[in-house]
Amino acid sequence: RSIMSARERQQAQPPTPAAEAAELDAARRYEAVVPHWFYCKVTDSRERWIPFSTQDSERLEEAHGSGRDEEDLVVPTSGGRYDVHLKKRQRVAVYWEEEVSEVRRCTWFYKGDKDNKYIPYSETFSEELEEAYMVAVTLDEWKKKLESPSREIIILHNPKLMVHYHPVATSDDWGSTPTEQGRPRTVKRGVENIAAEIPNGEPLQIDHLVFVVHGIGPACDIRFRSIIQCVNDFRNVSLSMLQAHFKKAQEQQQISRVEFLPVNWHSSLHSTGVDVDLERITLPSINRLRHFINDTILDVFFYNSSTYCQTIVDTVASEMNRLYQLFLQRNPLFKGGVSIAGHSLGSLILFDLLTNQKAAPEEGEHSEEGSRTTSSNRGTEEVPEILKKLELSEYCDVFEKEKMDRQALFLCTEKNLKEMGIPLGPRMKILHYISSTTEMQVCLLHGLYNGKNCQYRDIGLGQVSANYPQLNYKPTIFFAFGSPIGMFLTVRGVKRINPNYSLPTCKGFFNIFHPFDPVAYRIEPMIVPDLEFEPMLLPHHKGRKRMHLELKEGLTRMSVDLKNNLLGSLRVAWQSFTRAPLPAVEAASTDAEAEAEASTEKQPDTKPDEMPAAVKEEASLINVGRLNGGNRIDYVLQEKPIESFNEYLFALQGHLCYWESEDTVLLVLKEIYQTQGITLDQPLPGSQ
């Protein structure tokens, strides 16, 4: 009562200048909350609110503040891969199919029950909370109670303490009002108070575009994530590698970033109805394992079937062409190049596509020595000229009557020629010409002809019979991760790749693999089969070998030294023990001979210890042909210390490690930017 009367007396008295100043200060203490935009990601029926980057949120807020929401403004976000429709509050994927996400302009948050992550209130209720907060701060009146649309109570105790209560009602208390029962949850105002990880955003300009094709199955890594999620990781790693290793070029605004877009072919293949057919014949036992095999391993067999191989190559090529055209529409100022990358079976699909691309006439010219000169005029000869060369001109009328052109002639069999009335002798001449010319043309096509016979088999030998589509661009570089290309070529009957061979429209080819990857195979031994040499060791992104590899090499060198010294000592001791006693006069000369003999015998033992350094220097100088423009092709990652304990245990992880491998990403970036004349800030030791 005394407190109330004091307050009444204070209100009755005229306000003093000090009181007015205090009120003004209190009113000034209120600052409008800064909103941040979030989108909702649903994974396994669980909602997760993810903040847009600072850059995207500012652009969304600017569009929202323009007052044109009614026009359904579309704002590109996440580097242009997603569009936000402001009026519908939806986030829509641009390049691939994905569930539409809800978008929210967030100012107030409460802590969730399950994972202690903060969840934003609806925009309408956030406005009510902000209004109540403004009144409380301005009038310094707290303990405000608000009821949310879901009949939950929020109490504003003070600026630092605001809580949210769940409604608790008993079965016989139907009409009860919400009460302050249950466990209170923390309420926060403003995104800066919830410790959210907000990315800075991606540069708007794009220097280079890379299409990434997945391997078998819908899952691409050990966590069973899709190609979209894995490529997102790859892209994020690339942004951090650019900041770490291309800082000078970024500061000088020479470079911006590389865009990576996923290419999905698995869903198109399995939407053909083949899954239903497989389900009918699949045994009911070990159901999960059989389903996994049908969904993943069988993709390899599908690719070796002419029917489904055609579906796969059509899907990959058409999807890459579609993505390329869409990308150019959205980025009309893009002047960069395009590269392609494939993981596992995806790399084989791309390799087969690239070997069947048609180069422009001026680019497809070869000579017998492998240099680019005009190929034989024989490729343009018509039927009359061929018959004249074979001294069979009298049969020109017969071929003309049957409307036989050059292409039809090369499809003729002996039976066809016989039906046309061509005698046996001329038939044999024509068939011999067709077979020899066809063989030489196959060789000339790939620069494999050596003047006498076709020394190397066609690189396309054994490929599944399919009509390989053409790409709308010429890839700059082809990157293969954990690739079985070498194994498939060998199985198809290609034992050697001619050093003069290169992909018709792509001048760069890198085969990158983890040492324990069970699916990966090398390419270089197929080009240089007579020379044994190691693949190029990818330098660690921090600039040195991993510690355990250095230790292993050090111990190996030490053991070699010890072995050489021990063998040398034992040899000298054995010789002195077995030698017959000689006069003292001859002792000096004999000892000198023994030392010389021992030294000559030691030399071969010491050479192997000196060789690795020389071999290592020559490794990058080995001529591995033109498949990668004269540069090395095979690159091996360094295994992690824990992986070196058991190769078999980490084999599967070795095949799926590339998406988050900084060393892999750095090699991709280094090679891409090298084509633009831009190098790393500091060259990594051991890099080419």
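**Note on the salt bridges, cores and surface of the chain**

1. Arg-105 counts as partly exposed, because its relative accessibility is 21%, where buried means under 20% relative accessible area, exposed means over 50%, and partly exposed is in between (1.4 Å probe, protein chains only). This is a predicted model, in which local features need pLDDT of at least 70 and side-chain atom pairs count only at pLDDT 80 or more, whereas totals for chains, interfaces and linings use all residues. Residues are numbered from 1 along each chain as its sequence is written, and side-chain values use heavy atoms, with hydrogens and water left out.

2. Arg-105 forms a salt bridge with Glu-61, and the closest N and O atoms of the pair are 2.9 Å apart; a salt bridge is here a side-chain nitrogen of Lys or Arg within 4 Å of a carboxyl oxygen of Asp or Glu. Because Arg-105 lies in strand β6 (residues 101-106) and Glu-61 in helix α3 (residues 54-65), the pair ties together parts that are 44 residues apart in sequence. Helices (H or I, at least four residues) and strands (E, at least two) are DSSP runs, numbered from the N terminus. Glu-61 is partly exposed, with a relative accessible area of 23%.

3. A second pair to inspect is Arg-225 with Glu-660, a salt bridge whose closest N and O atoms are 3.9 Å apart. Arg-225 is buried at a relative accessible area of 13%, whereas Glu-660 is partly exposed at 41%.

4. Arg-322 counts as partly exposed at 37% relative accessibility, while Glu-319, at 18%, counts as buried. The whole structure has 23 salt bridges, and a network of salt bridges links Arg-81, Glu-202, Arg-235, Arg-257 and Glu-259.

5. The largest nonpolar core has 103 residues, of which Phe-211, Met-320 and Phe-478 touch the most other members; such a core is a set of buried Ala, Val, Leu, Ile, Met, Phe, Trp, Tyr and Cys residues joined through side-chain atoms within 4.5 Å. Helix α11 (residues 306-330) gives the most to this core, with 9 residues. The core lies between domain 1 (27-168 + 181-197) and domain 2 (208-357 + 468-543 + 623-676), because both give residues to it; the domain bounds come from an automatic or database domain assignment.

6. Leaving aside neighbours within four places in sequence, Met-320 is in contact with Phe-211, Val-213, Val-263, Ile-340, Leu-350, Leu-353, Leu-471 and Tyr-473, contact meaning heavy atoms within 4.5 Å. A second, separate core of 18 residues includes Leu-387, Phe-399, Leu-409 and Met-420.

7. In soluble globular proteins, nonpolar side chains tend to be buried together. Against that background, a nonpolar patch on the surface deserves a look: Phe-224, Ile-286, Leu-289, Phe-292, Ile-293, Ile-297 and Phe-301 together have about 720 Å² of accessible area. Patches are made of residues with over 30% relative accessible area and no salt bridge, like charges being joined within 9 Å and nonpolar side chains (Val, Leu, Ile, Met, Phe, Trp, Tyr) within 5 Å. Accessible areas come from the Shrake-Rupley method with a 1.4 Å probe, and for residues only the protein chains shown count as cover. Helix α9 (residues 287-295) provides the largest share of the patch, 3 residues. Phe-301 is placed in helix α10 (residues 298-303) and counts as exposed, at 56% relative accessibility.

8. Most residues other than glycine have a negative phi. Arg-89, in the loop between β4 (82-85) and β5 (90-93), has a positive phi near 55 degrees and counts as buried at 15% relative accessibility. Glu-391, in the loop between α13 (383-389) and α14 (396-401), has a positive phi of about 60 degrees and counts as exposed at 64% relative accessibility.

9. For the chain overall, the secondary structure comes to 23 helices and 19 strands, and 43% of the 688 residues count as buried. Among contacts between residues at least 6 apart in sequence, 70% join residues at least 24 apart. The accessible surface comes to about 38,700 Å², of which 54% belongs to carbon and sulfur atoms.
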